[in-house]
Amino acid sequence: MFWNNKKSSLDNATRVPVTSSSRSPLEPINGIQLPFPSHLPVDLPADETYASCFPLEASEIGIGSHRDNQIVLDHPAVSGYHARLVRHEQGYRIVTLDQTLLYVNVVPATDRFLQPGDEIGIGPYRLFYDGQQLTSQRAAIQIDASHLKETTKDQVVLLNDISLSLPACSFVALVGSSGTGKSTLLNALSGLRPVQSGQIFYDREEYAGRRSALKIGYVPQDDIVHKDLSVERALYYAARLRLPCSYHSTQLWERIDEVLTDVELQDQRHLRIQKLSGGQRKRVSMALELLDKPGAFFLDEPTSGLDPGLDYRMMHLLRRLANKGQTIILVTHATSNIMLCDYVCFLATGGRMVYFGPPQQALTYFGVHSFAEIYSLLEEDGSQPLQAELAEKRFRSSSFYQTYILQPLALHRKEAQLLEAQRGPMGTAKCTGWQQWKVLTLRYLELLKNDVGNMLLLFLQAPVIAILIALLIRCEVGSSTFAPQTIVQCPTTAAVLTTQGLPDLPVAASHIVSTNCARVEHFLLKHPPGQQYAAKRGGVRAALQDFIQAGSGKDAEKVLFILGFTAVLFGCVNAIREIVKERAIYRRERAVNLRILPYMFSKLVVLTTLCLIQSAVLVVLVNLVAPFQQGVFLPAPLEVYMTIVLTSLAGLTLGLAVSALAPTADRALSCLPILLIPQVIFSGSVFPFTDWYTQLFALCFAERWAVGALGSSLGLHSDKLGGDALFQHWSIYRGVLFSPFSHQSAVLNLLFMWGVLTGMILVFTIAIGLFLRLKDRSF
């Protein structure tokens with residue numbers, strides 16, 4: 001559609017300037033007057049808040065965020081091709097496209113004829129139809145709070161029956177001394193931490209019913225950005241997570257450029273965030289929140305620690321954002337630039353509100369000359385212990401309380417009752433879990449790449465430890481540690497059997513002819529005395545056990561224990577900080593639209609790949625010095641690698657579960673000894689377990705199963721190594737090297753041990769998800 005030979009959009013449509021006295025020229029809908037925001041900033045430029053008029057002439061008119069639509073609504077909540085107007089004899093009907101969502105007179109609609117006076121809701125826009133044209137208005141969020149109360153377990157009052165009405169597009173400051181409940185009120189208004197009593201309404205609807213659909217920006221006191229990313233890359237990944245998946249690359253980068261311009265960080269876009277100043281990092285946090293154009297923007301002390309010049313720039317930046325159609329609420333102690341705000345809310349001791357209104361009138365109300373004097377006026381001391389309570393009573397009986405709180409709340413409550421019966425369910429388009437996983441995985445990989453020191457440690461720890469183990473084997477144990485003749489030794493004399501038909505065990509080393517069990521096995525198979533002995537003992541393999549020397553394979557068992565413990569160590573150390581270290585970022589992204597499974601599996605996939613590489617390096621380097629031999633049904637090095645990988649993944653998922661549960665990174669690191677030392681104690685390599693209760697408890701540790709699987713693959717014999725058993729008389733080692741167990745039994749045993757390790761991985765993975773879910777409650 002064209003108007004005066006120009007395509008109509010929000011950039012070039014006919015604009016109707018709005019002043020502080022402006023009201024919508026449209027008739028009420030269902031008895032409700034839907035005005036433009038009654039409040040407008042005093043210093044608002046005339047071209048920044050306006051209605052856009054779109055004359056209707058074409059037979060079909062496209063509506064959406066893409067530039068080739070006739071009516072362009074540039075907002076992330078609007079799809080590229082959201083709806084289409086189709087002309088008929090009676091006028092126009094509106095049809096949604098691609099399963100998008102819109103409202104006609106606050107009722108969800110997909111295909112509907114329009115009548116003059118109808119209001120069309122698309123994302124944050126209201127389009128008013130009068131039969132000849134559409135008039136567009138961008139709707140910021142109006143916030144109402146009614147009787148908010150909050151107390152601690154010790155009955156300390158944090159919020160004392162506070163009610164507020166914050167007009168759309170307003171810039172509001174919450175001020176007061178430390179401990180007066182400013183942050184508590186901010187968190188309550190933003191929905192971050194619901195209060196014990198009271199109600200919050202966004203655009204006349206209770207917040208709880210719209211939480212998933214609302215676009216809310218929140219900047220806490222701490223930075224909520226990955227400092228190892230550049231400004232541009234941090235915004236890129238945030239945009240991929242927050243903006244609709246229908247956004248193509250050009251739109252995405254345009255939006256990034258816009259927010260960088262808004263927060264004045266164009267020149268720093270390629271710098272690492274960790275190299276920025278405190279004020280610049282705060283602006284990066286703001287830029288992240290501005291990406292999806294939130295209707296309301298909450299900031300907790302954004303000017304804290306800034307010098308007066310930066311404080312001035314920050315407050316003017318927030319003033320401009322409010323002018324562009326966003327409701328801004330901030331907590332601040334600095335009052336030098338408070339006159340830039342539209343409203344100021346003073347809180348006193350006990351969470352009492354003692355003033356709400358324009359900042360220009362606050363000085364007159366309190367009878368002082370500066371805002372600093374108000375702080376002194378509200379301080380309680382021995383001579384005036386009830387100063388805050390008296391100030392609260394005085395405000396509630398004042399005209400300010402009637403004008404700025406009670407009257408707006410009463411009006412909005414009446415409008416809300418009329419709208420309640422018609423309002424449909426809200427909904428927002430979300431990216432799929434698969435798309436979120438790709439973005440999160442790429443971001444995690446870039447974070448690891450940028451942290452060069454940590455990356456080197458992660459990749460060097462496997463070769464360094466493997467070289468140390470190889471050095472130990474070469475110098476102290478010998479390269480034949482895993483050879484069959486070392487694992488199982490059968491020291492015998494030349495006769496093998498005595499004249500009484502019993503094993504002729506050497507009494508001195510000089511009498512030993514051979515330690516090769518294959519010689520004894522051949523004797524039991526081919527020689528009549530050996531055949532008779534084998535028959536008496538129940539078979540050749542059973543008879544052979546009488547000739548195997550006690551303690552055979554002890555050195556191999558020690559090395560296998562070290563390999564298994566190293567695998568658990570790699571997994572735990574790699575993962576123990578990976579969730580808790582970005583707790584604040586996860587908390588914010590979860591509040592926006594982050595799903596638990598994509599986040600969890602982005603960590604698991606990247607760290608699993610790291611464990612695969614570390615395990616391969618460990619096995620290969622040790623195998624070069626002391627080759628792994630035997631194996632149950634696969635080549636021995638492959639079986640050892642699979643066991644090491646599963647053990648490392650069990651440690652990895654255990655570490656991530658602790659990281660998801662721990663409140664701080666220091667607390668998570670403190671758990672490492674609790675996780676690792678029991679792996680040593682209950683491995684069975686230090687002390688063989690023969691009592692059923694210790695055997696049962698030992699089954700809970702991955703190292704126990706790792707040692708059993710490794711020993712079975714290489715042919716260790718439990719009865720020759722202290723009689724260790726998994727449970728009661730079930731031998732921990734069941735291999736095929738001169739073993740009394742059948743090949744099938746050995747295969748099933750190894751698969752069972754791998755299955756248990758896999759089960760541990762699954763259990764810990766489920767625990768990660770549950771612990772992350774529990775974090776939602778703590779938020």
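In this predicted model, helix α6 spans residues 359-366, and its buried residues are Pro 359, Ala 362, Leu 363, Tyr 365 and Phe 366. These residues cover an arc of only 165 degrees around the axis, so they lie on the same side of α6. An α-helix has 3.6 residues a turn, so residues three or four places apart point the same way. After α6 comes Gly 367, which has a positive phi, near 70 degrees.

Two of the buried residues of α6, Tyr 365 and Phe 366, also belong to a cluster of aromatic residues linked by ring pairs. Besides these two, the cluster holds Tyr 343, Phe 346, Tyr 355, Phe 356, Phe 371, Tyr 375, Phe 395, Phe 400, Tyr 401 and Tyr 404. Tyr 365 has a charged neighbour as well: Arg 394 lies over the face of its ring, at 4.1 Å from the ring centre. A second case of this kind involves Lys 603, whose charged end sits over the ring of Tyr 444, 4.0 Å from the centre of that ring.

Over the whole structure, a search finds 29 aromatic pairs. One of them is formed by Tyr 236 and Trp 253; the ring centres are 5.4 Å apart and the planes meet at 15 degrees, so this pair is stacked. The cut-off for stacking is an angle under 30 degrees. The pair links distant parts of the chain, with Tyr 236 in helix α2 (residues 231-242) and Trp 253 in helix α3 (residues 249-262), 17 residues apart. Trp 253 has a relative accessible area of 25%, so it is partly exposed. The limit that separates the two is 20%.

Strands are the next topic. An open sheet of 5 strands has the order β6-β5-β7-β8-β11, and its pairing is mixed. At its edges are β6 (71-72) and β11 (111-113), each of which pairs on one side only. Strand β8 (residues 91-96) runs antiparallel to β11, and 3 bridges join the two. Here Ile 94 stands opposite Arg 112 in β11. Strands of a sheet pair through backbone hydrogen bonds, either parallel or antiparallel.

Further along, Thr 327 lies in strand β22 (residues 327-331). With a relative accessible area of 0%, Thr 327 is buried.

Glu 301 is found in the loop between β21 (296-300) and α5 (308-323), and with a relative accessible area of 14% it is buried.

Finally, an unreviewed UniProt entry places the feature "transmembrane region" at several spans, among them residues 452-473 and 559-580. In the model, residues 452-473 are 100% helix and 0% strand, with the end C-alpha atoms 32 Å apart. Residues 559-580 are 77% helix and 0% strand, and the end C-alpha atoms of this span lie 34 Å apart.

How values were computed: Residues numbered from 1 in each chain as written. Predicted model: local features only at pLDDT ≥ 70, side-chain atom pairs only at ≥ 80, totals over all residues. Heavy atoms only, no water. Helix = DSSP H or I, 4+ residues; strand = E, 2+ residues; numbered from the N terminus. Buried < 20%, exposed > 50% of the residue type's maximum accessible area, 1.4 Å probe, protein only. Phe/Tyr/Trp six-rings, centres within 6.5 Å; stacked < 30°, edge-to-face > 60°. Lys NZ or Arg CZ within 6 Å of the ring centre and 35° of its normal. UniProt positions renumbered as here; feature names shortened; annotations may be inferred. Arc of directions from axis to C-beta. Pairing = 2+ DSSP bridges.
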